[in-house]
Amino acid sequence: MVAPSIVVPSTRPCLAMRGLLPRSCTCASLLLLFLLSLTVFCIDANSSESKLLCSELVSFRLPCQPSIAIMKNCKKLWKVLNRKVGVPCRKITTLPSNITRTELLDNTMEAKCLQSMFELVDSGFFNETKIQEIANGATEMNIPIYRTNRELVATKNGGLENPSPLVFNPSWNREVPRVHGKRFNYPSLSGVQLPRDEEDIAFMSVLELGELIKTRQVTSEELVRIYLKQLKRYNHVLEAVVTYTEELAYKQAKEADDLLSQGTYLGPLHGIPYGLKDIVAVPGYKTTWGSTSFKDQVLDIEAWVYKRLKASGAVLVAKLVTGSLAYDDIWFGGRTRNPWNIEEFSTGSSAGPAASTSAGMVPFAIGSETAGSITYPAARCGITALRPTFGSVGRTGVMSISESLDKLGPFCRTAVDCAIILDAIKGKDPDDPSSRAIAFEDPFSVDITKLTVGYTKDADMKVVEVLESKGVNMVPFELNYTVESVQGILNFTMDVDMLAHFDEWQRAGQEDLYEAQDQWPVELRRARIITAVDYIQAQRARGKLIREVEKSFTVDAFVGNVTDWEKVCLGNLVGLPVLVIPTGFKNISEPPTNNCRRRTTVNTGIYTPPERDHIALALGMAYQSVTDAHRKRPPIDDLGPDDSIPNPPRSIIPPRRLHI
């Protein structure tokens with residue numbers, strides 16, 4: 001997942017002492033701490049120090065410019081009570097005879113405490129009597145249910161077990177399609193020769209490497225040696241590898257070579273090395289999720305996507321970096337860099353798959369996207385990648401952020417390779433309720449001259465011109481919809497789902513070990529007070545968005561900006577597939593020398609309706625058949641004269657802000 005930088009308003013309405021003070025003040029963060037302190041007090045005001053502190057707190061009337069004394073007292077109260085956020089508030093109905101009322105919150109103050117908490121969830125319309133009734137009911141009924149359910153399904157983190165039966169289906173086809181069992185009809189290559197230079201071999205496409213293996217010009221074991229060498233050569237500068245699966249790779253390569261010698265050929269992935277994002281479980285190896293909290297975790301699970309690739313003859317050489325808990329490019333071992341400009345970071349949680357494929361460290365890799373983690377790093381690192389239709393690839397054995405947003409997809413050199421990988425990994429996963437056996441048509445059989453393809457105002461016109469020259473009917477196009485809260489819907493959906501999968505992680509205080517404190521820790525604390533009602537309202541708004549996009553999608557596909565945050569949120573909420581393709585390069589801003597080899601990549605996205613991935617692939621293949629941006633190689637650490645790898649980077653990375 002990626003988090004864009006957007007402006008957050010610098011002020012928030014003051015919730016303190018409703019009706020007595022102006023509502024334009026900026027004390028929300030202090031107020032939240034204050035209210036939670038009072039909440040804890042209501043449960044356990046049994047020490048003399050806590051009683052005294054609480055009376056001191058109440059004596060302040062919370063001026064909108066908070067005093068240092070209040071902050072200190074809040075901290076002292078937390079220390080005395082030794083409690084965590086989220087303990088429910090309970091009304092005290094009787095007072096011990098030895099405690100005076102000035103030492104406790106009176107009923108009015110307690111009511112204001114509760115009422116202010118209701119305002120935090122936009123429910124400040126209840127009167128005091130109803131609020132007290134809610135508090136009593138929550139204590140007696142809701143909380144026991146919360147705890148029972150958590151014990152049943154939430155003691156393990158990561159969402160690997162107990163998936164929700166509420167399944168998102170993005171299909172616009174109202175009829176159940178007949179599932180085609182046939183594989184894609186791959187193009188045959190002839191005359192492919194083994195290069196002398198191993199670097200040239202490393203940058204060959206999957207289809208080309210497959211032809212070399214099929215014609216026995218190279219063995220799978222030789223390819224494993226070449227790619228492990230590439231991985232170890234460049235990883236010290238890119239920080240893209242978590243674990244080398246060297247022993248497993250040579251074992252699988254030998255099996256592939258033995259099968260071929262016996263006359264059995266499994267297809268274009270037979271003996272081809274690849275990498276997996278380290279949220280995908282492989283038995284016998286660590287699955288760290290990029291996180292300090294889980295860096296020694298070994299899962300005895302064989303992920304479904306790994307099974308599919310193994311059955312196709314592919315050979316796993318490395319587990320590649322995921323941003324910590326699949327958020328952005330920071331992980332427990334560092335931060336993954338962009339091979340095209342080593343001063344930049346690769347952005348997006350599929351940082352390792354993108355950087356490794358771009359640098360010729362693997363011929364392809366599997367990454368994931370919840371909100372931009374395929375599109376952003378693929379665009380930044382200048383490679384071809386497919387975010388497929390939601391549900392087309394099973395996710396058993398894969399860390400889950402959101403069961404209605406998570407998707408697995410390939411990072412490759414070409415659209416042809418993306419088609420080959422999709423064909424291998426698509427299909428119904430029996431243990432993933434959201435996966436489906438989608439009836440994809442063969443992208444190699446699409447007649448693109450019969451397609452009408454739109455292009456948006458932010459589209460790369462070079463792509464439009466090339467496709468038009470290939471006979472595609474290109475027309476101006478914009479998606480029209482009235483839903484204004486697209487980004488907010490995605491945030492609600494993603495954050496609440498993520499918190500459900502990492503509830504125990506937060507409760508155990510593991511968030512304090514998180515590598516980037518402005519990422520998941522902040523978002524998941526905010527998610528803790530999103531109500532079930534408002535989550536459902538967000539899903540209803542999502543349904544409205546889906547219906548409006550379906551009605552507006554009057555073309556077979558459209559070409560547009562692939563890193564526009566609104567399009568990223570919309571595409572993931574609706575379940576749209578998109579193919580990312582590199583289209584060119586430009587000089588970096590403020591190059592250190594005139595001969596600088598570093599570049600900024602230029603790219604575009606080809607979007608289609610759900611289950612029409614084959615159209616995006618066909619258009620991508622048509623474009624790449626007459627262009628060569630996808631064949632260019634990044635400088636990585638070969639930066640040229642008078643240029644060096646900056647450490648720390650000179651580029652200013654903008655601070656991450658909450659998206660609302």
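The axes of helices α15 and α19 (residues 565–574) come within 9 Å of each other and cross at roughly 55 degrees, where axes are lines fitted to C-alpha atoms, for helices over the stretch in contact, and angles run from 0 to 180 degrees between N-to-C directions. This angle makes α15 oblique to α19; angles under 35 degrees count as roughly parallel, over 145 as roughly antiparallel, 65 to 115 as roughly perpendicular and the rest as oblique. The crossing of α15 and α19 is left-handed, a term applied if the near helix is turned anticlockwise from the far one by less than a right angle, with right-handed used if clockwise. On the α15 side, V486, Q487, I489, L490 and T493 meet W565, E566, C569, L570, N572 and L573 of α19, contact being defined as heavy atoms within 4.5 Å. The residues of this contact divide into 7 nonpolar, 3 polar and 1 charged; Ala, Val, Leu, Ile, Met, Phe, Trp, Tyr, Cys and Pro count as nonpolar, Asp, Glu, Lys and Arg as charged, and the others, Gly among them, as polar.

The structure is a predicted model, in which local features need pLDDT of at least 70 and side-chain atom pairs count only at pLDDT 80 or more, while totals for chains, interfaces and linings use all residues. Residues are numbered from 1 along each chain as its sequence is written, and side-chain values use heavy atoms, with hydrogens and water left out.

Helix α15 (residues 486–501) also packs against helix α18 (residues 532–552), the two axes coming within 9 Å and crossing at roughly 130 degrees. With this angle, α15 is oblique to α18. The crossing of α15 and α18 is left-handed. In this contact, V486, I489, F492, T493, V496 and D497 of α15 meet D534, Y535, A538, Q539, A541, R542 and L545 of α18. The contact of α15 with α18 comprises 8 nonpolar, 2 polar and 3 charged residues.

Across the protein chain there are 20 helices and 15 strands; helices (H or I, at least four residues) and strands (E, at least two) are DSSP runs, numbered from the N terminus. Of the 660 residues of the protein chain, 56% count as buried, where buried means under 20% relative accessible area, exposed over 50% and partly exposed in between (1.4 Å probe, protein chains only). Residues 24 or more positions apart account for 76% of the contacts in the protein chain with a separation of 6 or more.

Helix α20 (residues 613–624) has 12 residues and reaches 17 Å from its first C-alpha to its last, close to the 16 Å expected at 1.5 Å a residue; the expected span is 1.5 Å times one less than the number of residues. Helix α20 is mostly covered, with 12 of its 12 residues buried. The buried residues of α20 include D613, H614, Y623 and Q624. In helix α7 (residues 206–214), 8 of the 9 residues are buried, so α7 is largely enclosed by the rest of the structure. These buried residues are V206, L207, E208, L209, G210, E211, L212 and I213, and what covers them includes α6, α8 (220–238), α9 (246–261) and α13 (415–425). Just after α7, R216 takes a positive phi of about 60 degrees.

Most residues other than glycine have a negative phi, and most peptide bonds are trans. In D328, phi is near 55 degrees, a positive value in a residue other than glycine. D328 is placed in the loop between β3 (315–320) and β4 (330–331), and counts as buried because its relative accessibility is 4%. T347 likewise has a positive phi, of about 60 degrees, although T347 is not a glycine. The loop between β7 (341–345) and α11 (351–358) holds T347, which counts as buried at 13% relative accessibility.

The loop between α5 (128–153) and α6 (198–202) contains N185, and Y186 lies in the loop between α5 and α6. At 54% relative accessibility, N185 counts as exposed. The C-alpha atoms of N185 and F444, 259 residues apart along the chain, are separated by 6.5 Å. Not counting residues up to four places away in sequence, N185 touches D442 and F444. For Y186 and F444, 258 residues apart along the chain, the C-alpha separation is 6.8 Å. Y186 touches P268, I420, D423 and F444, again not counting residues up to four places away in sequence.
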